[in-house]
Amino acid sequence: MSTTRTSVHGQWSSRLAFILAATGSAVGLGNIWKFPYITGENGGGAFVLVYLVCIGLIGIPIMMAEVLIGRRGRQSPINTMMTLAKEEKLSKVWALLGWSGVLAGVLILSYYSVIAGWAMSYIFRAGSGAFVGVTAEGVSSIFSALISDPERLLAWHTLFMVMTLIVVARGVRSGLELAVRYLIPLLFVLLFLLVGYAYTTGHFGEALEFLFKPDFSKLSAESVLIAMGHAFFTLSLGMGAIMVYGSYLPANVSIARTSIIIAVLDTLVALLAGMAIFPIVFANGLEPGSGPGLIFETLPIAFGHMSFGTLFGVLFFLLLSFAAWTSAISLIEPAVAWLVENRNMTRVQSTIWCGVVVWLVGLGSVFSFNLWSEFRPLGMFPVFADKNFFDVLDFITSNVMLPLGGLLIAVFAAWRLSRSTSFDELKMGDGLAYPLWRFLVRYITPIAVLIVFLDALGILPDF
Ligand code: PHE
């Protein structure tokens, strides 16, 4: 029996609108900024392989679980968890899962917005011709001038937050659906063009080898955790963003098929970004493991030397900003939806409240690159010994909160929801697909997440 609940926040106009919105959420800084730099820091091929396995075995099944829970509950993740727990006669403690998602969304957006600000400022850098004929040292100094200036970072962070809040305040449907319809295809075209340019550098083979030839000696337990955390991050899983988007999904849409499409598109963007960036890194003798500045210090070199580079540069950073924008919206949506439902506030008021909190937390990340660059907030713990505020937030959200959230979502969907509820909602028919999904979320996903955790904490013996 399916429920006939509807969401007070509205519904996507079609299956395509949901795919675009969820792809808009998934494809973002995680794919183009983060994936290349963490791949660089973690040695390449073996890391990429673990990441791909995590997408397939953990990411897709959890995405399906999140969408199914969201569509079943049709409310913000907190209230959805509360309602479903009540219906299935489970403990109210499950609502905590919604709360941790809201918190993770606020924390992630606080630093995400700062990095999106870098992308926005590069639109103007590129447009002013600053990259024409530039050398590797030249770009490096442009980048450090930007991040060492707290006022500029603050201004961009503020602007990005305001842009995000405007869309969220207007509601999920108006504007957003239309924007992603054009932006996502355009992003693909541009990425292909960049890969084409990267091919001409003569270092394409080296880059492919770096990305796809696994050397397991370079893989540490921490790298495996980072790869898994990134699978959650890049698919927007473990914190309720996809759950809340699922709550606006029309009842007849196939959850499995749409989840696979979203995951494939997201992975494609990440791999294309890697194939565009690493040839340029190697061609210019740059360091693949140089950290968060990687794309900001490599791509401008390509733009500075190709024909129409100024135009492509502007377009690229514009699209990166848009990609970040469509993700940012989904990071704050769970919190805003909850305030609307529970605090009797209008959508505009809720959005402003959430925005202020996120903006304030974001100051910590703004200062992490300049005034507080030496500050180690959790320096007493070995894992955090050389991490500044921004690094700590990034590590705790991506590598702890999202995988733990995902683990609990899997446990809830596969062990606590009745079989008839998930069977009903997933509508996969009587073939093998449903049992396979259930097997993955019951056993493979939770066990894999746990093993990776314990291993990274050093609790498991060395194999
Ligand atoms: N998936 C987004 C990215 O890859 C980030 C994100 C994480 C968005 C979690 C929503 C929720 O950039």
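Reader: Which side chain has an N or O atom 3.0 Å from a nitrogen atom of the ligand?
Author: Bearing in mind that this is a predicted model, the side chain is that of serine 236, whose N or O atom lies 3.0 Å from the ligand nitrogen. The protein covers 100% of the 330 Å² of accessible area that the ligand has on its own.

Reader: And what lies by the oxygen atoms of the ligand?
Author: A backbone N or O atom of leucine 29 is 3.1 Å from an oxygen atom of the ligand, and a polar side-chain atom of asparagine 31 is 3.3 Å from an oxygen atom of the ligand.

Reader: How many residues surround the ligand, then?
Author: There are 15, and the closest are Ala26, Gly30, Tyr112, Phe233 and Ser236. By type, the shell divides into seven nonpolar and eight polar residues, with no charged ones.

Reader: Which elements give two or more residues to that shell?
Author: Those are helix H1 (15–26), helix H2 (29–41), helix H10 (221–234) and helix H14 (309–342). The space that the ligand takes is the largest cavity.

Reader: Switching to the largest pocket, what lines it?
Author: Its lining has 23 residues, and Tyr37, Glu41, Lys387, Asp391 and Asp394 lie nearest the centre of the pocket. The pocket holds about 560 Å³ of space.

Reader: Which helix gives the most to that lining?
Author: H16 does, with six residues, while H2, H6, H10 and H16 each supply at least two.

Reader: And how do the lining residues divide by type?
Author: The lining of the largest pocket has nine nonpolar, seven polar and seven charged residues.

Notes:
Residues numbered from 1 in each chain as written. Predicted model: local features only at pLDDT ≥ 70, side-chain atom pairs only at ≥ 80, totals over all residues. Heavy atoms only, no water. Near = heavy atom within 4 Å. Polar contact = N/O pair within 3.5 Å; in protein donor to acceptor, adjacent residues only side chain to side chain. Areas by Shrake-Rupley, 256 points an atom, 1.4 Å probe, with all protein chains shown as cover. 1 Å grid on protein atoms, 1.4 Å probe; cavity = no way out; pocket = protein on both sides within 12 Å on 5 of 7 lines; lining within 4 Å. Sits in = over half its atoms within 2 Å of the grid points. Helix = DSSP H or I, 4+ residues; strand = E, 2+ residues; numbered from the N terminus. Nonpolar A, V, L, I, M, F, W, Y, C, P; charged D, E, K, R; others polar. Points joined across faces, edges and corners; volume = space filled by probe spheres on them.
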